[in-house]
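Please find my notes on the model below. They are set out as numbered points.

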Amino acid sequence: MSGSPRLSIIISPSGLEQHIPRLLHSLSRQGPQLMGAEILLSQFASGQDFSETKRQWQGLLPETEIIAVDDKAETITQALNNTLNKARGEFILHLSPRVRLIPGCISRFMSVFDGSPEISVVYSDYVRTGSGPFLPGESGLATLPDFNPTLLRARNIVGPAAAMRREVWKDCGEFKSNTMYRDWDYWIRAALRDHRFEHVSRPLYAHDGSGQMTFRTRAADGGAKAMVVINNHAFFSGTQVRWALSHLRGEKWATGHRLAEIPDSKAIQAMTSEYVALSRGISRSISHNTLHRSGGPSLAQALLGILL
């Protein structure tokens, strides 16, 4: 294919190769917007040869160049960055294999870019299937809010799929590997650099969140959110930065808060007040405790030791 493509579609490395044929099928239904585009598939740690997949789908999408990127990356984030660095398009659409595009999705995204040159990132509502990691047991329409920095400080309001101009990639650099919330971290960086976001208030894709919520994910949640704050400290309040540092230091008052949500100043104040009240209550219990006569530590003393 000669010349640079208008659109680069990045299929994220994730160990979910079994989902790729269905994603590619949804791409094949996008119509003329796929003409002259390129699709980049990362082969990171898959152990799978995509040459047959590429051959089959190249026949179905003759006007779209499909590129299997095989590199020596050591992590998923590094593989994603390497794949993005090979993208040549004016616009970039980053997709998880769990995504299925609804017909007309790419056309709608591109119409926003064409009609509003000041817009750098476009995202939309979507259909949530399965039991996602952040809304366990729920499915159906996920209605996202219009872009608001205050909301973005609390959670990732952009959702699991979005399109951006190449300028965002050039300006914000690569995804960071020190947090599992790398997309959220990236959109915050874009907001810090004054890139404008546009929300399309209609579902343009489906996302299957089944099986994403593991014990390891829950355990890593607090630290991952704290790193998002540290990575982008200028975006957050001093109170939130203090919470993040305290959480990473293991200070017991700085709890992880709700899953996939960074606490605001009010929530952090409540954490502090609750911790202080609990500490004082245990201290008073120790002062008046008569169970210490047995010579061993009382339950209150043991609890205070855990707290402090």
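1. The model is a predicted one. The protein chain contains 11 helices and nine strands.

2. Of its 308 residues, 46% count as buried.

3. Helix α4 spans residues 105–115. Its buried residues are C105, I106, F109, M110, V112 and F113. These residues lie on the same side of α4 because the arc they cover around the axis is only 150°. D114 and G115 are exposed, on the other side of α4.

4. Helix α8 (residues 215–231) and helix α9 (residues 238–249) have axes that come within 9 Å. The axes cross at roughly 135°, which means that α8 is oblique to α9; angles count as roughly antiparallel over 145 degrees. The crossing of the two helices is left-handed.

5. Which residues of α8 and α9 meet? On the α8 side they are G222, G223, K225, A226, M227, V229 and I230. Their counterparts in α9 are Q240, V241, W243, A244, L245, H247 and L248.

Definitions and conventions
Residues numbered from 1 in each chain as written. Predicted model: local features only at pLDDT ≥ 70, side-chain atom pairs only at ≥ 80, totals over all residues. Heavy atoms only, no water. Helix = DSSP H or I, 4+ residues; strand = E, 2+ residues; numbered from the N terminus. Buried < 20%, exposed > 50% of the residue type's maximum accessible area, 1.4 Å probe, protein only. Arc of directions from axis to C-beta. Axes fitted to C-alpha atoms, helices over the stretch in contact; angles between N-to-C directions. Parallel < 35°, antiparallel > 145°, perpendicular 65-115°, else oblique. Left-handed = near helix turned anticlockwise from the far one by under 90°. Contact = heavy atoms within 4.5 Å.
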